[in-house]
Amino acid sequence: MSAVSSHLSDVPAADSRDELFGHPKGVFVCFFTEMWERFSFYGMKALLLLYLLQHHKFGDRAGLDVLGAYGGLVYCVPVIGGLLADRFLGMRKAVIFGGLLLVAGHIGMAVEGAAATTVNGVVVRDEGALRVFYLSLALIIMGVGFLKPNVSTIVGRLYPENDPRRDSGFSLFVAGINLGGLFASIVCGYLGQTYGWKYGFGAAGIGMLLGLAQFLWGRKYLRGIAEPPKPLSRSREWTIYALAILGLLPVAWLMHAVTAIRLGPDTIRWTYYIVIMALAGITWTMWHGLRRDDAQPKPLTAYAPSLLVFAGIGIAVNWLSARYGVLDFFVEEATLALVLMSVVFLAVGFWYAGFVTRGCSKVEAQRMGAMMVMIFAALIFYTLYEQTYGSWVTFTDRLLGKDLFPSLVIREGTPWPWSIPALLFAPIAFVTASSISERTPGSPWPRSLLMLAMLAMLAALVHDAVLLPQTAGSLTYLGSMFIVLLAPLFAVIWTRLDKRGLDPSKPAKSAMGLLFAGLSFLPLVWAAQHAGATGTLASVWWLVLAYLLLELGEMCLYPVGLSAVTQLSVPRVVSLMMGTWFLATAFSETLAALFGKLAALDIPEGAAIDFAMAGEKYANLFLLLMWIGIGWAVLAFAVSPLLRRMMHGVK
């Protein structure tokens, strides 16, 4: 933390020509860079599963395996990318390197190859195109790892320490993230399923190229805060780049291996046993933190009875898992990616137990325990949330209507999205506004230009959402749309509740997030049951309601969780604990894919979908996930008073 503080205090003061609307112009550079990066990332993700199922004819299980491994690695690698930037490269070079990798990856994704065919019951795929595909995924994973964590850090360092504008600056930055996600699905998802996969993936690549160009143009506004922490020799810098490029090979191999290599049942079974016992150990560590007395150290033998009790609980959970088929499901469906994630989780769990019991005071241990519970709540939440790019996408594609207002949709030809020129106009308006403000400080034109750009984006969004024929991929824009709409509302709600002394605690907000996440599956249960019973497509408005409930949950849980990590962590390990948050998100990606397999369908080539069977499978999956969300929410509400006490005054 001291290093960060020194960086912040060294931020040079800027004159008015270096600011726009009261914020450093560098914030807007990061805004548009991250907007385009998220545009490319979510645009590709909206198409990924459908592309594997429909173009390369992967089965649902194999497609979900690739999606889960990809999502998991995307959230793991930024921990390494942030560390390399902090210690060696500096944020500017890391962002540029990551952007180049992302551009290359998205270009590779546009290489479709020949569509898979079925010959005598055997699927024949274009293996050369698949090799390019796996390498492209590896490039994107590595690129996100270098770019994403460092753009966020730049925003914070553009403000002097204790600058009251920082919170609103981050609000601007988050708006860029959500705008990128919002337009990504409606542009890339629509183009990919309407014009061809290469157009959707190609649009994502062009977006990332524009983002990189925006960052290179605007680096003069970063005030030197994104440079290496100390002079870096050319040989060491190129060694880092070379090792990252070599790292593409094992990542690409893993993306291939999740479908090609099936682990033995004993390997998965013992991994499951060890993970459960590690969870029992982490829970014991929290219990120990509640009962410990720093003034009177106890011998290790005093902890033997409680250790035996928690070990017995772990053994009982393992036995019940085997007794009721939970373990069998993991043995049948777990992949190499999930096992590797489990190994990482075990390493973090053992470190946490040792650090808290030997390196923390009683108050620190209890705060760390409360934080770990909220990280676990986030893991559960995002296991449910990531169904939006898995089972929700295939369910929408197979059993839902797509258009919000069918009578208004343009049916003639294949209309082009208005969002494309609107998105291109926005950064051009920023560049022009920046130039005008430098030449003529106080001119009203910069504000007018950017307002015009925002209005153009809004008009394009409404046009494309209402008038274009929607697809399963394009409808994933609903998530980002609700975040954009709900964020200002929640900011007002929490502020007003706080003034009245009614603002819920962080643990209670996390519990609310889990509850909304569980309830979001209820409309989809009804939609699946309707489609199965009638043999007709259910209304897309069930999906709209599901997204609304889910994003209500995210607005409760996500900001609170990130804040809790920074407030409750012991200062010397706050970066590591933020990495743990992202590792939990990575683990949730693989778990989400695992659960999605419960609704996997095997549809023979050329056969029509069996609505009754499909409706039943999706309804059963959504019911299970609904009760998982509600069940964990009830438990989270029950322990929230205890967690609040463990936080020792942190709000």
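Predicted model: local features only at pLDDT ≥ 70, side-chain atom pairs only at ≥ 80, totals over all residues.

**Entry 1: a buried pair.** I began with Glu-37, which forms a salt bridge with Arg-38; their closest N and O atoms are 2.6 Å apart. Is Glu-37 buried or exposed? I looked up its relative accessible area and found 0%, so Glu-37 is buried. Arg-38 is buried too, because its value of 2% falls under the 20% cut-off. I noted a general point beside this: side chains of opposite charge can pair when their charged atoms come close.

Entry 2: How many salt bridges does the structure hold? I found 16. One of them joins Lys-93 to Glu-237, with the closest N and O atoms 3.1 Å apart. Lys-93 belongs to helix H4 (residues 91-109) and Glu-237 to helix H8 (residues 234-246), so this pair ties together parts that are 144 residues apart in sequence. I checked burial here as well, and both Lys-93 and Glu-237 are buried.

Next I turned to Lys-509, which forms a salt bridge with Asp-503, again with a closest N and O distance of 3.1 Å. Lys-509 has 8% relative accessibility, so it counts as buried. Asp-503, at 24%, counts as partly exposed. I also came across a network of salt bridges that links Arg-61, Asp-65, Arg-262, Glu-333 and Lys-597.

**Entry 3: two helices packed together.** Lys-509 turned up again when I looked at helix H19 (residues 506-519): it is among the residues there that meet helix H21. H19 packs with H21 (residues 541-568) at an angle of about 150 degrees, and their axes are 7 Å apart. An angle over 145 degrees counts as roughly antiparallel, so that is how I describe H19 relative to H21. Their crossing is left-handed. On the H19 side, the residues that meet H21 include Met-512, Gly-513 and Phe-516. On the H21 side, I picked out Leu-549, Gly-553 and Val-560, among others.

**Entry 4: the nonpolar core.** Which residues touch the most other members of the largest nonpolar core? I found Tyr-70, Phe-133 and Ile-154, in a core of 210 residues. Helix H2 (residues 25-54) gives the largest share of this core, 19 residues.

**Entry 5: a loop residue.** Where is Arg-411? I found it in the loop between helix H15 (391-399) and helix H16 (419-439). Its relative accessibility is 53%, so Arg-411 counts as exposed. Setting aside neighbours within four places in sequence, Arg-411 is in contact with Asp-403 and Pro-406. I also looked at Leu-468, 57 residues from Arg-411 along the chain, and their C-alpha atoms are separated by 8.3 Å.

**Entry 6: two positive phi angles.** Lys-57 has a phi near 55 degrees, a positive value in a residue other than glycine. I located Lys-57 in the loop between H2 and helix H3 (60-89), and it is partly exposed at 23%. His-648 has a positive phi as well, near 50 degrees. His-648 lies in the segment after helix H23 (611-646), and its relative accessible area of 36% makes it partly exposed.

How values were computed:
Residues numbered from 1 in each chain as written. Heavy atoms only, no water. Core = buried A, V, L, I, M, F, W, Y, C linked by side-chain atoms within 4.5 Å. Buried < 20%, exposed > 50% of the residue type's maximum accessible area, 1.4 Å probe, protein only. Helix = DSSP H or I, 4+ residues; strand = E, 2+ residues; numbered from the N terminus. Salt bridge = Lys/Arg side-chain N within 4 Å of Asp/Glu carboxyl O. Axes fitted to C-alpha atoms, helices over the stretch in contact; angles between N-to-C directions. Parallel < 35°, antiparallel > 145°, perpendicular 65-115°, else oblique. Left-handed = near helix turned anticlockwise from the far one by under 90°. Contact = heavy atoms within 4.5 Å.
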